Structure formats: structure tokens, C-alpha cells
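Here is a note for a colleague who is opening this structure for the first time. Please keep the sequence and the coordinates in view while reading the points.

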Amino acid sequence: MSIQTENLTKIYGNQKALDGISFEARPGEILGFLGPNGAGKSTTMKILTCFLPQTSGKAMVCGYDVVEHPVEVRRRIGYLPELNPLYTDMYIKEYLMFSAEVQGIKKDAASRVGEMIERVGLEQERKKKIGQLSKGYKQRVGLAQAMLHNPSVLILDEPTSGLDPNQVVEIRELIRQIGKDKTVLFSTHIMQEVEALCDRVVIINKGKIVANDRLDNLFKKLSGDVTITVEFKQEIPLSALKQLSGVKQITQKKNRYTLQCQGDLREAISNLSGQQGWVLLGMNLEENTLEEVFQKLTLNP
């Protein structure tokens, strides 16, 4: 496993920030790490990146214990914190060359820097000072720095925070490309981002993991009532629809009917329409969103 935690616990005074969490991230996987503010996300990432020791439990990166082998762990991790620390008076290439030296990249450092500048889309900005860049381009510089030493694992804390919609799309695509050959653990509050990028999600709340699964499995486990909107060519008797097993409530607007159902009844509705000779114009199922799943798990855990 690229990342593995076992009963990871962190206590600050009387506050238990992490309460025995265990999860894994596999090679070539993009893992979304979600939770409300103060849930323990940043604490977990700081432990994994050797910035902070745990109180108890175990954390491993690429087989190395973060306490026993912190240097080996750091060699295998690229980290982009939420508040991206950059030297704004330095030029992009100058900063990345400095970072390469700090990271011990001696052979072909200039070539590696040039490769990263191209990969993150900084070619047109490469002659500017970092302080002259937009926040989106500053995030690209941070990503380039995090990937300079070609780590196996990337940990990204709110990588699209404060970016405009176009910048979000660009950074999201960059993360998708990076995730093809690296393990990516990233924290975000943007649920659409998680649905678009992640293979799996871990949701943490009050220091405990409340979900650890693929998105489709989460939706199935937490699926309750669903909403089905049906439109017919003509008005039909509500009593006929109410007889369907699982229908809890129906509202009508002309020839359009909205059904609150226990489970997906689209096939039953279609069969009933055929039997009754109704002309069915359209049918739509409103599925659970990740935002709804997140709220169910963190508001009423």
C-alpha cells in the first residue's frame, strides 16, 4: 500500500483530534479525504508528511513508518498544503531550481525543472516572478515543487481553494493526469470535484472515520427514498400510481407527476403505463448526491 494507517490517534491536551482511524490508499489511486472543518483531515496529513507525531497508532508510506523512517517517507511524498508557501520574490525557474537543490536533486536538475514547468502548464509564465502570478498559477508552482523529486505519493490539501471556475477545471484535470501513475490523497470541500476525480472516498467526522468506500457503494448503502419525475401525454388517475408498492407520496402538475418512492420504481411505472395504455413521454430518477451522503454522515452520524 502507498498509504496505510492503523488506529491512528492524536491528542492535544484534552482534545482527541484523531480517534483510532485506519485506512489505506493504493498505488495509482485518487483518494478523496473529506470531512467538516476541524474533523481531523489536516492533522492526518501532517502526520503522514512527518510534520507532526501521532500520539499512538501507526502510519506507513510506501512501507516506511513515519516515525521510524521519516527521511525515507519524505523522499516518497510530495505535499501541497492549503496555504501554499512560496518565495514570491523569486522567479518560477529560480524557485524550482532552489527547491530541487533542497530536495537533493543534483543530476539533471535543470532538465527536471523544465519538465515540471511544462507538465503543470507554466511555460507562458516561466519568466515571471511568483508574486506576479494569479492564485491558479501559484498553485501550479506548488504542484511543480511537490512533484520535482518524482514522489510515489502526492498529498494535496484543498488544492483548488479560492480559484476561479476555469482555474478549478485546469487544476482538476492536472490532478487527474497525475493520478494515472501516482497515489493522490487530497482534501477538498467541493463535492463535484470528488465525484469527478476520486476512485474512493474516506469521510472523517470528529476524529473518526464514518465512511471508507467507493462512491457507487456509498450511494447504494445510504440510498433511502428516491424521487422519480414522470410525464405522460395525458392526465392519469393518481389512484393507479398510488397502488404501486413503494410509492409514499405523489404531487401533480398537469401531466407531470413527482413520486417519492422507496427504491427505484421506474420499471414498475413503465410496465403499468403499458398495461393501462398511457403514453409515457419521459421519466427521470433523482439520485443521491455526494453532498447529501456527506450531510447524512457528518450531521447525524
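1. On the basis of the note. This is a predicted model, in which local features need pLDDT of at least 70 and side-chain atom pairs count only at pLDDT 80 or more, while totals for chains, interfaces and linings use all residues. Residues are numbered from 1 along each chain as its sequence is written, and side-chain values use heavy atoms, with hydrogens and water left out.

2. On the nonpolar cores. A nonpolar core is here a set of buried Ala, Val, Leu, Ile, Met, Phe, Trp, Tyr and Cys residues joined through side-chain atoms within 4.5 Å, where buried means under 20% relative accessible area, exposed over 50% and partly exposed in between, with a 1.4 Å probe and protein chains only. The largest such core has 47 residues, and those with the most contacts inside it are Leu34, Ile92, Leu96, Val141, Leu156 and Val184.

3. On valine 141. Once residues up to four places away in sequence are set aside, valine 141 touches Leu86, Ile92, Tyr95, Leu96, Leu122, Ile130 and Leu133, contact being taken as heavy atoms within 4.5 Å.

4. On α3 and α5. Helices (H or I, at least four residues) and strands (E, at least two) are DSSP runs numbered from the N terminus; axes are lines fitted to C-alpha atoms, for helices over the stretch in contact, with angles from 0 to 180 degrees between N-to-C directions. The axes of helix α3 (residues 92-102) and helix α5 (residues 135-147) come within 10 Å and cross at roughly 25°. That angle makes α3 roughly parallel to α5, since angles under 35 degrees count as roughly parallel, over 145 as roughly antiparallel, 65 to 115 as roughly perpendicular and the rest as oblique. The crossing of α3 and α5 is right-handed, a crossing being right-handed if the near helix is turned clockwise from the far one by less than a right angle, and left-handed if anticlockwise. On the α3 side the contact is made by Ile92, Tyr95, Leu96 and Ser99, and on the α5 side by Val141, Ala144 and Gln145.

5. On α5 and α6. Which residues join α5 to α6? The axes of these two helices come within 10 Å and cross at roughly 15°, and α5 and α6 are therefore roughly parallel to each other. Gly136, Gln139, Arg140, Leu143 and Met147 of α5 meet Gln167, Glu170, Ile171, Leu174 and Ile178 of α6. By class, the residues of this contact divide into five nonpolar, three polar and two charged, with Ala, Val, Leu, Ile, Met, Phe, Trp, Tyr, Cys and Pro counted as nonpolar, Asp, Glu, Lys and Arg as charged, and the others, Gly among them, as polar.

6. On α3 and α4. The axes of α3 and helix α4 (residues 109-119) come within 10 Å and cross at roughly 125°, which makes α3 oblique to α4. Ile92, Lys93, Leu96, Met97 and Ala100 of α3 make the contact with Ala109, Ala110, Val113 and Ile117 of α4, and these residues divide into eight nonpolar, no polar and one charged.

7. On alanine 100. Alanine 100, in helix α3, is buried, with a relative accessible area of 1%. Apart from residues up to four places away in sequence, alanine 100 touches Ile105, Ala109, Val113 and Leu148.

8. On two residues with positive phi. Asparagine 150, in the loop between α5 and β7 (153-157), has a positive phi of about 55° although it is not a glycine, and at 48% relative accessibility asparagine 150 counts as partly exposed. Glutamate 158, in the loop between β7 and α6 (165-178), has a phi near 50°, a positive value in a residue other than glycine, but glutamate 158 counts as buried, at 8% relative accessibility.
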